[in-house]
Amino acid sequence: MAVQMEESLGNLQNTALKKNFKKEVLPEPHFGYHFLKRAMDIICSLTAIIVLSPILILTAAIVALTSPGRSIYTQIRVGKNGKFFTMYKFRSMYINADQVLEELAKKNEMDGPVFKMKHDPRITP
């Protein structure tokens, strides 16, 4: 009896929710919206690059002066829908950090695929 009442109450609530639920369909944005959005993306990106360029140049110079090798580290990564892209970032480790990692694997302080180590010798000054 109690199970039947719970089922009836649940069905009643579902019916009430379905009646009160109105699916709003938003109109598809027109071409002008996409054009304006893309223009704003480009303008904001260019502005950020110009404003931040002194800091970026200074960072690249510091990395180049503190350790030999290129200042920018490149790596291929997998993005949305499995699409590959090239990622760029300032180098924070010595050039042969990947080879040294294999030697340091026994000093890993974490479990799983992550490698963490206090006072990692691969990190540049």
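In the predicted model, Ile42, Leu46, Ile49 and Ile50 together make a nonpolar surface patch of about 400 Å². Of these residues, Ile42 has its place in helix α2, which comprises residues 31-66. The relative accessibility of Ile42 is 39%, and this residue therefore counts as partly exposed, since that class lies between the limit of 20% for buried residues and that of 50% for exposed ones.

With regard to the chain as a whole, three helices and two strands are found, and their order along the sequence follows the pattern α-α-β-β-α. The accessible surface of the protein chain amounts to about 11,400 Å², and carbon and sulfur atoms contribute 65% of this area. Among the 125 residues of the protein chain, 10% are buried. When contacts with a separation of 6 or more are considered, 33% of them in the protein chain are accounted for by residues 24 or more positions apart.

Strand β1, formed by residues 72-78, pairs with strand β2, formed by residues 84-90, in the antiparallel sense, and seven bridges are found between them. Within this pairing, Tyr73 is placed opposite Lys89 of β2. The strands β1 and β2 form a hairpin in which five residues lie between them, and the turn includes Asn81, for which phi is positive at about 60°.

Note on methods: Residues numbered from 1 in each chain as written. Predicted model: local features only at pLDDT ≥ 70, side-chain atom pairs only at ≥ 80, totals over all residues. Heavy atoms only, no water. Pairing = 2+ DSSP bridges. Helix = DSSP H or I, 4+ residues; strand = E, 2+ residues; numbered from the N terminus. Buried < 20%, exposed > 50% of the residue type's maximum accessible area, 1.4 Å probe, protein only. Contact = heavy atoms within 4.5 Å. Areas by Shrake-Rupley, 256 points an atom, 1.4 Å probe, with all protein chains shown as cover. Patch = residues over 30% accessible without salt bridge, like charges linked within 9 Å, V, L, I, M, F, W, Y side chains within 5 Å. Salt bridge = Lys/Arg side-chain N within 4 Å of Asp/Glu carboxyl O.
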